[in-house]
Structure formats: structure tokens, C-alpha cells
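Please read the following note with the sequence and the three-dimensional view open beside it. The points are numbered so that each may be checked in turn.

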Amino acid sequence: MNYLDYLASNSQQILFLTQAHFLVVLIAVGVGSAISIALGLALSTGEPDPPRLSFDWFAAGIREGGLVFTAALLTVPSLALFALFLPFTGLGVTTAVVVLTIYTLYTVLRNTVAGLTTVDRAVLESARGLGYSRIRRLLTIQLPLAWPVILNGIRVTTLISISIAVVGAVVQGPGLGILLINGISRIGAANSFYQVLTGTLFCLVVAAVFEIFFAIVQRLTVPRGIRV
Amino acid sequence: MSDTSDQTVVETPHGAGKSDMIVLEGVEKIYPGSTQPAVSQLDLAIPQGDIVMLIGPSGCGKTTTLKMINRLIEPTSGRILLDGKDVTHVNGDQLRREIGYVIQQGGLFPHFSIADNIGVVPKMLGWDKQRIRERADELLHLVGLEPSVFRDRYPRQLSGGQQQRIGVARALAADPPVMLMDEPFGAIDPITRDRLQDEFLEIQRTVGKTIAFVTHDLQEAVKLGDKIAVFATGRLEQYDDPDTILTRPANEFVSDFVGGGAAVRRLSLVELAHLELHPIETDERAVGGHNGTAVAEVDGSGKPVSWRHLPGGDAAGMPLVTVPISGSVYDAVDVMLDGCASIVAVVDEEGRAQGVLHWNDLLGGLRTRERHS
């Protein structure tokens, strides 16, 4: 049986696993990004001339702490984190999604914070001088201007998640990891190498689909005046 | 100040009868963590329709003062009155929507089109779309940019000078009575800056706003200001019209700040249009001579090209140089030095001669009319 025959005879399963892989990453990145962006916005500081006792000090503390914490989480080996969640969320999709979501937090939060704080001071000052309230400035000036940076963070975290999702197969998470784990555990047996090869190649396919998706999202959501 | 009413109208020596649009009463700012006030016990009244230039070395409190007027910086103590109304404790964001604000780098929103940038304040004030669009076009015209070309562009497609024009247009959008300008022309090249300043004065002639304008450039302060407020480390050292600041500095600090060359700088205060010039003849048959009138040869369009006769001088050896009547004596002197000529013809917009200015006039004292006649 050559590789093309293998692909042809297993196309149903491969297609299903690829779709599952795509979806689990999409959900995790979606949820993780929403949490991170919301956190980044809620904890954004940098108001000029703050009163002595301000929420800003508190927010800055939580934000920096959150960054350290999510960074620490990102360094936990994925195999371990999937295993650690087993007692709480059990085998299957839930554990896979929860753990993947945790891995997406740091990159998006970091980029959200960076994007929001690097908006040109002159732009923010003039907005304030024209009577923009803090919320209005955050949502109509800072967020749109930070969006390309945030979107890049989401893109990076998506690529990372595609490969981490493979490990999710150890807790019976959905996706192409099943092919890889199966193939590796039977290495030397019939089609085992094809399984590994397919798992790898179709991860690339998933990545390619996401890249196209993000190119379109970027085109549609980055304001015209700041497109490069 | 012991007024109990919020409707105080303070008479000022220069603005005969004009009420004060902006009044700062005993305003002080001490930044957190600092013991030294950035601005201490400041009393300042800006008459309606005047341009007041706040000037001083960096760290003198001029920008802090400006930003306390629209409460971008909250004063530690004191009162701020706007058109007689105490605004020290009103909602800051709402207050700022009714005060124009222009900063150095323009501060345009890069993701908004030019028309949207100009329309930000009207939009917040709830104007309808049609009215906002018309207002944007009107203001683009006012600042000399063609609406059909510029309204849909984005800030990054504009030059620094154009961006600054949009910054001014945006500040004027909701027609606020008061404008605050924080070194608006500071980051612009000298030639463009000069043109923007001229345009700014032109616009001010039509809109007549009350303007507080921060600058570090004395030349700019003298050129644009009806009054100049000189600051030093949080204190107001002198508050007077430009002529007085230059010729009669109140103390050593002001005289050091004004520096040498005050007499030369004063030349830029004297506008040629307000000067009594010597007559000039351009008639074909005129010979001048005995009555001391200068006679110039003109070309087909009435522009003087050379001297036929000069009183008490050699007309043949003297190049004919011209200066527009919209300029100042400073410009005339510049032209004379540049052309090695001791006499200059003052011309109107069409280039026709209106009169002449002699080098000796500078030494004998210039006969001018009142500056704000």
C-alpha cells in the first residue's frame, strides 16, 4: 500500500480528525483571546495625572501578576498540564479545550497590553483634550490602534495551539494527535509511519487554513488608515 | 480677589471693556510626590477674543497652566472661570468638548479619515451626520485644504503642515469660544511654520476666538500674541503686550529671557500697513526731484522695475527691491540688507507700488499708527 492509497482509504477519518483539530484550536483560541483581551482592557492603565490613590495602581499590579502567572503556565510541559487536569475535567474534549485555552492566554494578554500601551501618546492626549472619556478612548482609539498587535498575538498563539492540541490526544482530546499517538505507539507496524506523516502534514493544512482565515480577518478588521 | 459672584467682569487695561473669557484665580498645581509647586498662586485673565502667548523656559509651568484651563491637569487649589462660570469642579470630559485643543504633533487619530477626525467633537455632541459632513467641508476650506481631495484621506497621507491644519480645524469644529494650543507649530519646519502662523492669524481674524497658546519661541509669541505671559518656575513674571515685554521687561528674568536683539525683534511688530510711508510716483511724466518724491519705472502690469529718480540719491546705482505691504518692518529691513539697497518699495498684493521706506527712517523713529487700529 503506498501513501496515496493510504490517504484514499482513510480519507473519511483524516478529514474528520482535521476538522476536529481545527475546531478545538478555534474554540480554545477564541475563548482564550476573549478572556485575555477583556483582561487587558479592564486592567489597562496609563491615565495621565492620576489621583494619589487610584485604581490604576491596583490594576497595574494585577496585570503584571497575571502576565507572570500566564507566562509560568505557558512553560508547564503540555503533557503534564493535560494530565494534571484529568482528575477535574476527565478524559475527552473538555480537558483538551481547557488546557489549550490556558496556553493561549499569555501571548494574547501580552500583546494586548503591549498594543494598548504603545498607542501614540499624542493621539491619546488629543483625544482626552477633545473630551473623550476614558472608556471611549479605550474602545474607539486604543483598541482599534492596538488591534493589529493583538491580532498578531492571536495568530502566534493559534500556531502554538495547533501543535499543543496534538498532545491533547493523550487525554482522548479530539484532533490529529490521535493519528500521531497511534502511529508512534505502533511504529514499525503496517501504515504506522503513514499515520505519523499524515498527522504532521494535516497539522500544516490546519495551520494554512488558519493563516488564510487570519489574513481575511486582518483585511476586514484593521482600520484602513493604519494598514501597512 | 474677593468676588462673591460667578459673573464677575474684570476690566483690563488693554481690552477696554472686553470681558475676560478665561480667568485663573490663585491657581496652584503641586504634582504628587513633589513639594515644589509646578504652578504657584497664579492669577491670569485672558480677555475675550485675544491671543495670549504663554512662554518661558521648559519646566516653567506654561504647559501645566494651559492644561489646567481645560482641566487635563486638575489644579491643586484655586478657581478657573470660563466666561464668568466657575468650571473648577464641572465634569472634565464635558468641559473639554466645549474648548478647542490643539497639540504639537497634531494628535490626529490615524484610523479616522480626515473628515471623521474633524467631526469627532460634533459627533460626541450629537450633531446629525449631514451637519457634521458640511461642517468638515467648511473647515477644510477655512484651513485652505480642498475638501474633495482631503476629506477621505487618512492622516498618514498628509504632510506635517497639513496635519497641523487639520488639528486646528478639528479644534474649531464645534465652534468653541476658547481654544488652547500647546506648541501647535513647534514640530514644523521654519518655512511651513511661518506660513501656518500667517494663516492662523488670518483665521483668527474671521473666528475671533479667545486663545491661550503655549510656545517656547519668542519670535512666535511676538508675532501672534495680543499679550504675552512670561513664566519662570511656576510663577508669572510679566503679563503684557509684546511691545512692552520687549521694551520694558518687568525684571531681570524677563529681560534675560527676552535677551539681546529686542530692538531688532521689535521691528517685526511694526506692520508696514500701519506705517506712514513716503510717497512713490510711477507716472510716465513724473520727474519728482524738487519735492523729494521717488519715481519708479513700471512694467506693463504696473509693477515697479527700476528707479528713475530718488530724492538726494543716485537712482541708477540703486537696485529696486520690493516688500509686500502685508509684511513687517523686519521684512523690509531683510529685503534691504539682502539687496544692498537703502530704499525699498512697498507693494500691494498685485505688485503695485504703495510707497517707499528709507533706511534712515529706521533711525529717525518710525511713524506708525496704533497697532490694533
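1. In strand S7 of chain B, Leu180(B) is the bridge partner of Tyr101(B). This pair belongs to the pairing of S7(B) with strand S6 (residues 99–102) of chain B, where four bridges join two strands that run parallel. It should be kept in mind throughout that the model is predicted.

2. S7(B) also pairs with strand S8 (residues 210–215) of chain B, again in the parallel sense, over five bridges. Here Met179(B) has Ile211(B) as its bridge partner in S8(B).

3. Is strand S7 (residues 178–182) of chain B enclosed by the rest of the structure or open to the outside? Five of its five residues are buried, so S7(B) is largely enclosed by the rest of the structure. Val178(B), Leu180(B) and Asp182(B) point one way from the strand, while Met179(B) and Met181(B) point the other way; all are buried. The count behind the word "buried" is 20 or more other C-beta atoms within 10 Å of the residue's own.

4. Helix H1 (residues 62–69) of chain B is likewise largely enclosed by the rest of the structure, because eight of its eight residues are buried. Among them are the charged residues Lys62(B) and Lys67(B), together with Thr63(B), Thr64(B) and Thr65(B). Leu66(B), Met68(B) and Ile69(B) are buried in H1(B) as well. Just after this helix, Arg71(B) takes a positive phi of about 60°.

5. Chain B as a whole contains 14 helices and 16 strands. Of its 373 residues, 41% are buried. Among the contacts in chain B with a separation of 6 or more, 60% are accounted for by residues 24 or more positions apart. The chain is divided into domain 1 (20–98 + 177–269) and domain 2 (273–363). The C-alpha centres of these two domains of chain B lie 39 Å apart.

6. A further sheet of chain B deserves a separate remark. Three strands form an open sheet in the order S14-S15-S16, with mixed pairing. Strand S14 (322–324) and strand S16 (353–358) of chain B each have a single partner strand and stand at the edges, so one side of each is left without a neighbour in the sheet. On average, neighbouring strands of this sheet are turned by 35° against each other, direction ignored. Strand S15 (residues 343–347) of chain B is joined to S16(B) by five bridges, and the two run antiparallel. Val347(B) has Ala353(B) as its bridge partner in S16(B).

7. Which residues have the most contacts inside the largest nonpolar core? They are Leu100(A), Met53(B), Leu54(B), Ala212(B), Phe213(B) and Ala229(B), in a core of 125 residues. Helix H5 (residues 93–117) of chain A gives the most to this core, with twelve residues. Leaving aside residues up to four places away in sequence, Ala229(B) touches Leu44(B), Val52(B), Met53(B), Leu54(B), Leu236(B) and Tyr239(B). Another core, of 22 residues, lies apart from the largest one and includes Leu277(B), Ile325(B), Ala332(B) and Ala353(B). In soluble globular proteins, nonpolar side chains tend to be buried together.

8. Chain A has nine helices and zero strands. Its C-alpha atoms fill a box of roughly 70 × 40 × 20 Å, taken along the principal axes. Buried residues make up 39% of the 228 residues in chain A. Residues 24 or more positions apart account for 74% of the contacts in chain A with a separation of 6 or more.

9. Where the two chains meet, 18 residues of chain A are in contact with 24 residues of chain B. On the chain A side, helix H6 (121–129) and helix H7 (134–167) each supply at least two residues. H6(A) gives the most to this side, with six residues. By type, the chain A residues here divide into eight nonpolar, five polar and five charged.

10. Finally, Pro148(A) lies in helix H7 of chain A. This residue counts as partly exposed because it has 18 C-beta neighbours inside 10 Å. Pro148(A) touches Val222(A) and Ile226(A), not counting residues up to four places away in sequence. Pro148(A) and Val222(A) are 74 residues apart in sequence, and their C-alpha atoms are 6.4 Å apart in space.

How values were computed. Residues numbered from 1 in each chain as written. Chains lettered and ligands numbered in written order. Predicted model: local features only at pLDDT ≥ 70, side-chain atom pairs only at ≥ 80, totals over all residues. Domains from an automatic or database assignment. Pairing = 2+ DSSP bridges. Axes fitted to C-alpha atoms, helices over the stretch in contact; angles between N-to-C directions. Contact = placed C-beta atoms within 7 Å. Core = buried A, V, L, I, M, F, W, Y, C linked by C-beta atoms within 7 Å. Buried ≥ 20, exposed ≤ 12 C-beta atoms within 10 Å, placed from the backbone.
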